[in-house]
Amino acid sequence: MPSDTDFRIEAEQQSYANAVIGAAVFDLSGLPKEYFTTIENGDVSWVQTIFQALGLRSLLTSSLQIEGFHHAVIHGTGYCAVVVKQRLRYVALLVRREDFVHVSQPFIQWMQNFEPVVLTANPRFSVV
């Protein structure tokens, strides 16, 4: 039987999923592979910013031998994009800024396990 903690975690994860209004998948070299939009935000111009940030990350990593990139947050007007490195790709999610004043460690962990393929089955999302 699920505990109260299990229900709280499931509710928290569902609130994360509901806050997502856009997504982009990049390969490990930083090239965009897929974009997902919602009716709330059909604009994909934010993906260019993520692409540039991943390029900068690559440059800094090779020039300064910086390792250990886990995530980045890019703040925009009304929205923020959170990028995490997964094992085989980078995933960027666009979320409403008011929902994520502070990006929490549980959210980052949720993103590290997030499978973008679930968005193709979600009627809120369209593949661009």
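A residue counts as buried when its relative accessible area is under 20%, and as exposed when that area is over 50%, with partly exposed in between. The structure described here is a predicted model.

Asp27 has a relative accessible area of 19% and is therefore classed as buried. This residue is placed in the loop that links strand E1 (20-26) with strand E2 (32-38). When neighbours within four places in sequence are set aside, the contacts of Asp27 are Lys33, Arg89 and Tyr90.

Ala19 belongs to helix H1, which covers residues 4-19. The relative accessibility of Ala19 is 3%, so this residue also falls in the buried class. Ala19 and Val95 are separated by 76 residues in sequence, yet their C-alpha atoms are 5.5 Å apart in space. Val95 is also one of the residues in contact with Ala19 once neighbours within four places in sequence are left out.

Leu60 is found in helix H2, formed by residues 46-64. Its relative accessibility is 34%, and Leu60 is therefore partly exposed. Together with Leu56 and Leu59, Leu60 makes a nonpolar surface patch of about 260 Å².

In terms of accessibility, then, Asp27 is buried at 19% and Ala19 is buried at 3%, whereas Leu60 is partly exposed at 34%.

How values were computed
Residues numbered from 1 in each chain as written. Predicted model: local features only at pLDDT ≥ 70, side-chain atom pairs only at ≥ 80, totals over all residues. Heavy atoms only, no water. Patch = residues over 30% accessible without salt bridge, like charges linked within 9 Å, V, L, I, M, F, W, Y side chains within 5 Å. Areas by Shrake-Rupley, 256 points an atom, 1.4 Å probe, with all protein chains shown as cover. Salt bridge = Lys/Arg side-chain N within 4 Å of Asp/Glu carboxyl O. Helix = DSSP H or I, 4+ residues; strand = E, 2+ residues; numbered from the N terminus. Buried < 20%, exposed > 50% of the residue type's maximum accessible area, 1.4 Å probe, protein only. Contact = heavy atoms within 4.5 Å.
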